[in-house]
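I opened the model today to look up a few contacts and surfaces. My notes follow in the order I made them.

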Amino acid sequence: MLIHRILTALILIPLVIIALFFAPLSIFSYLVIAVCGIAAWEWTNFLAMTKPLNKIVFTFSVVMLLSLVYLIPNTELIKYRLFNYIICFSIIWWLVAFLLVIGYPKSVKYWSNSLIIKLLFAFFTLFPFFVGMIELRSINYIFNTYTGAVWLLYVFVLVWATDTGAYFVGRAIGKRKLAAKVSPGKTIEGFLGGISSAILISVFVYLTGYFQISFITFILSSLLAILVSVLGDLTESMFKREAGIKDSGNIIPGHGGILDRIDSLTAAVPIFAALSLHLL
């Protein structure tokens, strides 16, 4: 398992760095749309879609809607407001997701048999993630194309630190289950270890002086992004468990699908963006 994690990191991290720092904003945006498109295709497994045509229609719809949102001219006030609404509404969605996770399996009666609700879950997960990625990458882009890339990389590192810290601490001393009915492998000790690792990184990064925002805004945004990243992982685990599948897909042989790789990011990115750029 550990060697699989290391190999995945060795392959994916350089690709992420290249996309973040060297792809122009327009290309980066379409790359994110492509990632969301693959994630949408995998989401059809949660929707019990078996016919290829239905999967194609759903995936195509998500890609087209994301493209339309992105192609609204930046000069239009409607784009600014739309992005604000989508990114801030993600907070409500993840509060709902939290209630669904802690209430599982009893909570499934509210959504398991409703295709409409599960479609909304996909929208609330993928669209704020896309908007958060674009908003963070666009920070100060006219004057310095790397500023937003550093912000996004910081959020990625927080998520990776949380996941890695939880993995090693959980393996070493983990005993008490964090959410046994959702993800039996996760422990409270691992959860605390992951959070502690990410918080230490947050404090260190702020002390470098790169992020010119208040300490309170930075730490609160970071802490909530760290916490919700775990929720993103648990939420996808809940969907997979209810759908009776182990992995969201098999695009990465031996490592599952795109959703399995970005589940924590789909929560952390929009929450960090909403808090640091709009609400705090």
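I count a salt bridge when a side-chain nitrogen of Lys or Arg is within 4 Å of a carboxyl oxygen of Asp or Glu. The model is predicted, so I take local features only at pLDDT of at least 70 and side-chain atom pairs only at pLDDT 80 or more, while totals for chains, interfaces and linings use all residues. Residues are numbered from 1 along each chain as its sequence is written, and side-chain values use heavy atoms, with hydrogens and water left out.

Entry: salt bridges.
I find four salt bridges in the structure. Lys240 pairs with Asp260, the closest N and O atoms being 2.9 Å apart. This pair links distant parts of the chain, with Lys240 in helix α8 and Asp260 in helix α9, 20 residues apart. I take helices (H or I, at least four residues) and strands (E, at least two) as DSSP runs, numbered from the N terminus. Lys240 also forms a salt bridge with Glu236, where the closest N and O atoms are 4.0 Å apart. Lys240 and Glu236 are four residues apart in helix α8, so about one helical turn separates them. Shared partners join Glu236, Lys240 and Asp260 into one network.

Are Lys240 and Asp260 buried or exposed? Both are buried (under 20% relative accessible area; exposed is over 50%, partly exposed in between; 1.4 Å probe, protein chains only). I note a relative accessible area of 11% for Lys240 and 4% for Glu236.

Entry: Arg176.
Arg176 forms a salt bridge with Glu189, with 2.9 Å between the closest N and O atoms. Arg176 lies in the loop between α6 and β1 (177-179) and Glu189 in helix α7 (residues 188-207), so the pair ties together parts 13 residues apart in sequence. Arg176 is partly exposed at 49% relative accessibility, whereas Glu189 is buried at 13%.

Entry: α8 and α9.
How do the axes of α8 and α9 cross? The axes of helix α8 (residues 215-243) and helix α9 (residues 258-279) come within 7 Å and cross at roughly 145°. I use lines fitted to C-alpha atoms over the stretch in contact, with angles from 0 to 180 degrees between N-to-C directions. The contact (heavy atoms within 4.5 Å) includes Glu236 and Lys240 of α8 and Asp260 of α9.

Entry: Asn144.
I place Asn144 in the loop between α5 (115-137) and α6 (147-173). Asn144 is partly exposed, with a relative accessible area of 32%.
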